[in-house]
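Please keep the sequence and the structure in view while reading.

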Amino acid sequence: MTIAAIIVAAGKGERAGGSCPKQFANLAGRPMVTHSIAAFADHPQISQIILVVGAGQEAMARDAVGSLPVDAIVIGGAERQESVHAGLMAAKDAQFVLVHDAARPFLAAHVIDRLIAALETEEAAVPVLPVVDTLARGTEALGPVVDRSGLMRIQTPQAFCRSTLVKAHKAWGAGPATDDAQMVRALGICVAQVAGDKMLEKVTLPEDFAEAEARLAARLVTRTGMGFDVHRLADGEDLWLGGIKIDHSQGLAGHSDADVALHALTDALLGALGDGDIGTHFPPSDPQWRGARSDQFVRHAAQLIRAASGHIDHVDVTLICEAPKIGPHRPAMRTAIAAMLGISETCVSVKATTTERLGFTGRGEGIAAQAIATIRMPVE
Ligand code: CTP
Ligand code: MG
């Protein structure tokens, strides 16, 4: 089964307002679309991820993707169905597709599981929720009540045999469609239902951001972890600090690249997760980590948190040294760390202090780093 995820994120987000299209706005510490990308990236049965964005949104899209495994970023159209079509064309080798709105950020693995299970016997399947409110026609004066029995609210991702959806798009002539399943039903093909998820509500209006954050918050508890590390300064070594290489008379000695800031950060993340420390995951006795770049330790810890459905809210790193001066390098370190973690730079802090020439850091014998990570994890 080759299954491509197509994430449509080419809208303007007009109803949501805001300074950038809603799919790139910050939600729970990262651009909204990044949540969906990460959800598919973490699912073992998704073989390909196609991201569809609007013309002119490419730079925001690349920032939102960061280091996540997106196979193609393609340009969508003025209507949602044109955007889906662009994604379908980019997913030529896939047997099945899951079409998903970037505006539905909290996609749980169990919803993907249900859809994929349905595809074993069905050509198309959608997540649905029952309508529980009273329904009536009319905006100003309410008219007659609409019978809600048998009405369903339809969410995304929507799962299809790719060839079926391509056929449905070709045949569709009824103007703008709000989803893809209606195009498939127009061909007379049955669309199966699986249980939807309240976490998948679409973010449409300005107030939906706060509601989405609150829905997430209700399921999650905050945890913090701290990390501390020291490396010796030595001649003839490169100086890697906070994920960047700094021109300096000495560098840090250690088994890996000895990036003391990233080591402290990795321990802070693992501490918040409650999953050992950097030595547990990357034993210094293992030759494969000799000279290794430490960003992979941070990325691994972040990946473990995401795999446990956790969110990284904030990290704060303090470097303790007399030299080099950290201030000029702070913006580059923040950018590098934010990219490793897949979170916004506004959620990354880098600070520095000296020890007034006291102790080993004061004498310039080594550099120390402390880090604290704040994450949110599902309630056990
Ligand atoms: N979408 C798209 N291409 C379009 C229109 C919408 O890829 N031409 C995507 C949106 O980015 C969103 C999803 O389809 O992820 C659902 O659409 P909607 O919630 O209507 O988002 P927008 O069209 O961006 O919002 P609005 O209608 O308020 O402008
Ligand atoms: Mg729209």
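## Cavity and pocket

The largest cavity is lined by Arg30, Arg306, Gly310, His311, Ile312, Leu341 and Ile343. On a 1 Å grid over the protein atoms alone, a cavity is a set of points where a 1.4 Å probe fits but cannot get out; a pocket is an open set with protein on both sides within 12 Å along at least five of seven lines, and lining residues have an atom within 4 Å of a point. This cavity has a volume of about 50 Å³, where a volume is the space filled by probe spheres set on the points, and grid points are joined across faces, edges and corners. A search of the whole structure finds 1 cavity of 30 Å³ or more. Rolling a probe the size of a water molecule over the atoms shows where empty space is left.

The largest pocket holds about 880 Å³ of space. It is lined by 32 residues, of which Gly11, Arg15, Lys22, Arg80 and Lys202 are the closest to its centre. Strand 1 (3–9) and helix 3 (80–90) are the elements that give two or more residues to this lining.

## The model as a whole

This is a predicted model, in which local features need pLDDT of at least 70 and side-chain atom pairs count only at pLDDT 80 or more, while totals for chains, interfaces and linings use all residues. Residues are numbered from 1 along each chain as its sequence is written, chains are lettered from A and ligands numbered from 1 in the order in which they are written, and side-chain values use heavy atoms, with hydrogens and water left out.

The protein has 12 helices and 19 strands. These are DSSP runs numbered from the N terminus: helices are H or I with at least four residues, and strands are E with at least two. The C-alpha atoms fill a box of roughly 80 × 45 × 40 Å, taken along the principal axes. Of the 380 residues, 51% count as buried; buried means under 20% relative accessible area, exposed over 50%, and partly exposed in between (1.4 Å probe, protein chains only). Among contacts (heavy atoms within 4.5 Å) with a separation of 6 or more, 71% are between residues 24 or more positions apart.

## Nonpolar cores

A nonpolar core is a set of buried Ala, Val, Leu, Ile, Met, Phe, Trp, Tyr and Cys residues joined through side-chain atoms within 4.5 Å. The largest one has 43 residues, and Leu241 and Leu269 touch the most other members. Elements that give two or more residues to this core include strand 14 (239–241), helix 8 (260–273), helix 10 (295–307) and strand 17 (311–320). Helix 8 provides the largest share, 10 residues. Not counting residues up to four places away in sequence, Leu269 touches Val298, Ala301, Ala302, Ile305, Ile312, Val315, Leu341 and Ala373. Another core, of 35 residues, lies apart from it, and Ala5, Phe24, Ala102 and Ala125 are among its members.

An open sheet is formed by 5 strands in the order 16-13-19-17-18, with mixed pairing. Strand 16 (251–253) and strand 18 are the edge strands, each pairing on one side only. Two strands pair if DSSP finds at least two bridges between them.

| Strands | Sense | Bridges |
|---|---|---|
| 13 and 16 | antiparallel | 3 bridges |
| 13 and 19 | antiparallel | 13 bridges |
| 17 and 19 | antiparallel | 9 bridges |

Leu233 has Leu252 of strand 16 as its bridge partner. In strand 19, Met377 is the bridge partner of Val221, and Ile372 is that of Asp316.

## Single residues

The bond from Thr156 to Pro157 is cis, with omega near 10 degrees, and Pro157 sits in the loop between strand 10 (152–154) and strand 11 (158–161). The bond from Ala323 to Pro324 is also cis, with omega near 0 degrees; Pro324 belongs to the loop between strand 17 and helix 11.

Ala258 is not a glycine, yet has a positive phi of about 65 degrees. This residue lies in the loop between strand 16 and helix 8. Is Ala258 buried or exposed? Ala258 is buried, with a relative accessible area of 0%. Glu356, also not a glycine, has a positive phi of about 55 degrees, whereas its relative accessible area of 66% makes Glu356 exposed.
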